Amino acid sequence: MIYSRIVGTGSFLPPKIVTNDEFAERLDTSDAWIRERTGIVQRHIADESQSSSDLALEASRRALEAAGVGAGEIDLIVLATSTPDYVFPSAACLLQAKLGIKGCPAFDVQAVCSGFVYALASADSFIRGGMYKRALVVGAEVFSRILDWNDRGTCVLFGDGAGAVVLEAAQHPGVHATVLHADGSQAGMLSVPGNVCGGRILGSPFLQMNGQGVFKYAVKVLDEVARETMAAAEMDLSQIDWLIPHQANVRILEATARKLGLPQERLVVTVDHHGNTSAASIPLALDEWVRADRIRAGHRVLMQGVGGGFTWGAALVTM
Ligand code: ACO
């Protein structure tokens, strides 16, 4: 039996930090409102010269270094993003070129904030099927590019960044189970409803959302998918060392842990200093906790994504 296993993690945050007070200087909002409703204190924002593939490159280099693997040994690249550098080619192909390699397949996954879990599940399936041996799985976003910076209801929530893992074939898991879901009938709840047509943008190039609808939907499906994934792995929730939900909002994270009956000490929270980095949020949080020596070899980690589409999913992994 072939499994896949995470053998290295890495992440990258652009250096520029934007605090809540900076929003309060120009919008009708306050540090207190943002902290109380979202738990967010600050977020990192890319400068104009930095694209998703640039952030992905830094995160990937760190993951490869941690894994002790050369870029040339990677035989699959799966990159989750909703903010690719271009309409095409994919950010994954651009990342491949920046890593100085060629030949291996490289593609983007578009599942918004569930993107990393979708990408991990895809790479896991390829490795389990024996098609590839070593995958680079990345989540990278510059969500700052699709925000209306005058809309206090959305622009305070997000940040930019990237996280990556090296996933390798192994005799033992590794990845125990992955579960993915989508419900396209909820597309309007969270969207950037624009497209490029005849040299113009048709529709809106800015993120729109029904905040309370997203909140309720997220807590419901994060609870359901955690239980479904544990059942698929034939384990129970008490066997989880760490829960890493997509870092949308600290109230969503805490409500999810409460519903699952997990102590808050097992909940990984980085949204306070990263903001919501969409597909990058889970690998960013994972890498931060690994480098802080909190998540260690042998720990069991449940990662959960939820986002636009609507999409959701989870992956149970032994590190
Ligand atoms: N500062 C001050 N006031 C604000 C701000 C702000 N930044 N944003 C909204 N408000 C106002 C609203 O205009 C409204 O004012 P009104 O009563 O005069 O109309 C008031 O605050 C209450 O607005 P609500 O939308 O009801 O506030 P709520 O308590 O629901 O909080 C929030 C809004 C934080 C967006 C919340 O609904 C939420 O967290 N939802 C989840 C959304 C999310 O996490 N999205 C991320 C993307 S999706 C994902 O990653 C899964």
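View 1. Once the neighbours within four places in sequence are left aside, Asp31 is in contact with Asn20 and Asp21. The residue itself belongs to helix H2, which covers residues 31-38, and, as with every other view described here, the coordinates come from a predicted model rather than from an experiment. For orientation across the structure, the C-alpha atoms of Asp31 and Gln186 are 31 Å apart in space, while 155 residues separate Asp31 from Gln186 in sequence.

View 2. Strand S4, formed by residues 76-80, pairs with strand S5, formed by residues 106-109, in the parallel sense, and four bridges connect the two. Within this pairing, Leu79 has Asp108 of S5 opposite to it.

**View 3. Packing of helix H3 against helix H4.** Helix H3, made of residues 52-67, packs on H4 with the two axes 9 Å apart and at an angle of about 55°, and H3 and H4 are therefore oblique to each other. In hand, the crossing of H3 and H4 is right-handed. On the side of H3 the contact is made by Ser53, Asp54, Ala56, Leu57, Ser60 and Arg61, and on the side of H4 by Ala91, Leu94, Leu95 and Lys98. Sorted by class, the residues of this contact between H3 and H4 comprise five nonpolar, two polar and three charged ones.

**View 4. Helix H7 crossing helix H8.** The axes of helix H7 (residues 211-232) and helix H8 (residues 250-260) come within 9 Å of each other and cross at roughly 40°, an angle that makes H7 oblique to H8. The crossing in which H7 passes H8 is right-handed. From H7, the residues Phe215, Ala218, Val219, Lys220, Leu222, Asp223, Ala226 and Arg227 take part, and they meet Arg251, Ile252, Ala255, Thr256, Lys259 and Leu260 of H8. The residues of this contact of H7 with H8 divide into eight nonpolar, one polar and five charged.

**View 5. The open four-stranded sheet S8-S15-S14-S13.** Four strands, in the order S8-S15-S14-S13, form an open sheet in which the pairing is mixed. Strand S8 (175-182) and strand S13 (242-245) stand at the edges, and because each has a single partner strand, one side of each is left without a neighbour in the sheet. On average, and with direction ignored, neighbouring strands of this sheet are turned by 10° against each other. Inside the sheet, strand S14 (residues 300-307) and strand S15 (residues 311-318) pair in the antiparallel sense over eight bridges, and Val301 stands opposite Val317 of S15. Helix H7, the partner of H8 in the contact described above, lies across S8, S14 and S15 and runs at about 140° to S14. Helix H10 (residues 281-291) also packs on the sheet, where H10 touches S13 and S14 and has a direction that makes about 150° with that of S13.

View 6. The loop between S14 and S15 holds Phe310, and the peptide bond from Gly309 to Phe310 is cis, with an omega near -10°.

**View 7. The hairpin of S10 and S11.** Strand S10, residues 194-197, and strand S11, residues 200-203, pair in the antiparallel sense over four bridges, with Val196 standing opposite Ile201 of S11. Two residues lie between the strands of this hairpin, and Gly198 takes a positive phi near 55° there.

Conventions:
Residues numbered from 1 in each chain as written. Predicted model: local features only at pLDDT ≥ 70, side-chain atom pairs only at ≥ 80, totals over all residues. Heavy atoms only, no water. Pairing = 2+ DSSP bridges. Axes fitted to C-alpha atoms, helices over the stretch in contact; angles between N-to-C directions. Parallel < 35°, antiparallel > 145°, perpendicular 65-115°, else oblique. Left-handed = near helix turned anticlockwise from the far one by under 90°. Contact = heavy atoms within 4.5 Å. Nonpolar A, V, L, I, M, F, W, Y, C, P; charged D, E, K, R; others polar.
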